[in-house]
Amino acid sequence: MAERYDCHYCKESLYGKKYVLRDENPYCVKCYESLYSNTCEECKKPIGCNSRDLSYKDRHWHDDCFHCFKCHRSLVDKPFSTKDEQLLCTECYSNEYSSKCFECKKTIMPGSRKMEHKGNSWHETCFTCQRCQQPIGTKSFIPKDNNNYCVPCYEKQFALQCVHCKKPITTGGVTYHDQPWHKDCFLCTGCKQQLSGQRFTSRDDFPYCLNCFCNLYAKKCTACTTPISGLGGSKYISFEERQWHNDCFNCKKCLVSLVGRGFLTERDDILCPDCGKDI
């Protein structure tokens with residue numbers, strides 16, 4: 001007597017019937033589908049043995065159910081995208097969700113390179129300099145009046161030229177006598193130190209730092225012999241072609257301040273009235 005060959009689950013004979021092996025155990029088609037078939041995401045029916053099971057991220061579809069949510073075209077063996085767990089062909093996804101090029105207004109297809117700036121997007125070939133019309137790509141650019149310019153074109157068309165070196169000033173800069181200068185070019189006429197960010201003065205339209213100006217042009221205090229700058233509102237005393245710092249204008253003998261008081265002179269010295277009685 002021949003050995004029986006039965007379904008592992010329902011125990012019915014499989015002789016003359018289709019069956020499926022799973023873990024080396026035979027199952028009739030009905031039992032296999034009820035136990036192990038995946039449910040189609042689209043129609044919610046089991047994906048039987050006679051259907052191809054298409055899967056994506058642990059979700060399953062029949063061949064005929066694997067189509068675009070928008071246009072219903074089959075996605076079998078075709079590229080697709082997903083949005084909110086819905087399958088979309090590349091074209092529908094692009095039309096619905098992809099960025100539109102700010103220049104040509106056409107869709108920027110997924111996977112293609114795009115340029116972004118201030119919330120707008122461009123095809124790489126559409127992101128061009130307003131002046132030379134060449135693609136900017138990853139090079140530096142300068143926006144102006146809703147247009148974008150490569151740096152050389154911006155400098156030619158808009159940038160001020162430094163009075164000293166005649167080269168464009170693209171950032172920062174200093175204005176002196178209504179003329180533009182690079183910070184690195186705006187130097188003291190005397191010591192050649194950079195004047196940007198520090199106090200300076202001028203002589204015959206040439207800029208000087210305070211030290212150079214005082215050493216070159218300021219009068220010297222008769223008492224201490226150091227320069228009297230007279231800058232920033234500092235006060236000094238002048239008498240008969242001689243000058244003193246306010247703090248240096250003191251009686252030679254008793255050192256009392258003579259600012260705002262009467263005084264006497266004895267040759268190069270100044271004296272208060274009390275000390276000058278014996279002159």
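Biologist: Hi! What should I know before I start looking?

Modeller: Residues are numbered from 1 along each chain as its sequence is written, and side-chain values use heavy atoms, with hydrogens and water left out. Since this is a predicted model, local features need pLDDT of at least 70 and side-chain atom pairs count only at pLDDT 80 or more, while totals for chains, interfaces and linings use all residues.

Biologist: Why is the pair of Tyr56 and Phe80 edge-to-face?

Modeller: Their planes stand at 80 degrees, with the ring centres 5.2 Å apart, so the pair is edge-to-face. Tyr56 is in strand 3 and Phe80 in strand 5, 24 residues apart. Strands here are DSSP runs of E with at least two residues, helices are runs of H or I with at least four, and both are numbered from the N terminus.

Biologist: Are Trp181 and Phe186 buried or exposed?

Modeller: Both are buried, where buried means under 20% relative accessible area, exposed over 50%, and partly exposed in between (1.4 Å probe, protein chains only). Tyr56, by contrast, is partly exposed at 24%, and Phe80 is partly exposed at 25%.

Biologist: New topic! What lies over the face of Phe102?

Modeller: That's Lys105, at 4.8 Å from the ring centre. A charge sits over a ring if NZ of Lys or CZ of Arg is within 6 Å of the ring centre and within 35 degrees of the ring normal. Likewise, the charged end of Lys144 is over the ring of Phe158, 5.0 Å from its centre.

Biologist: How many salt bridges are there?

Modeller: Six salt bridges, each being a side-chain nitrogen of Lys or Arg within 4 Å of a carboxyl oxygen of Asp or Glu. One of them joins Arg59 and Glu41 at 3.7 Å, N to O.

Biologist: Where do Arg59 and Glu41 sit?

Modeller: Arg59 is in strand 4, and Glu41 is in the loop between helix 1 and strand 3, 18 residues apart. Arg59 counts as buried because its relative accessibility is 17%, whereas Glu41 is partly exposed at 30%.

Technical notes. Rings of Phe, Tyr and Trp (its six-membered ring) pair if their centres lie within 6.5 Å; planes under 30 degrees apart count as stacked, over 60 as edge-to-face and the rest as tilted.
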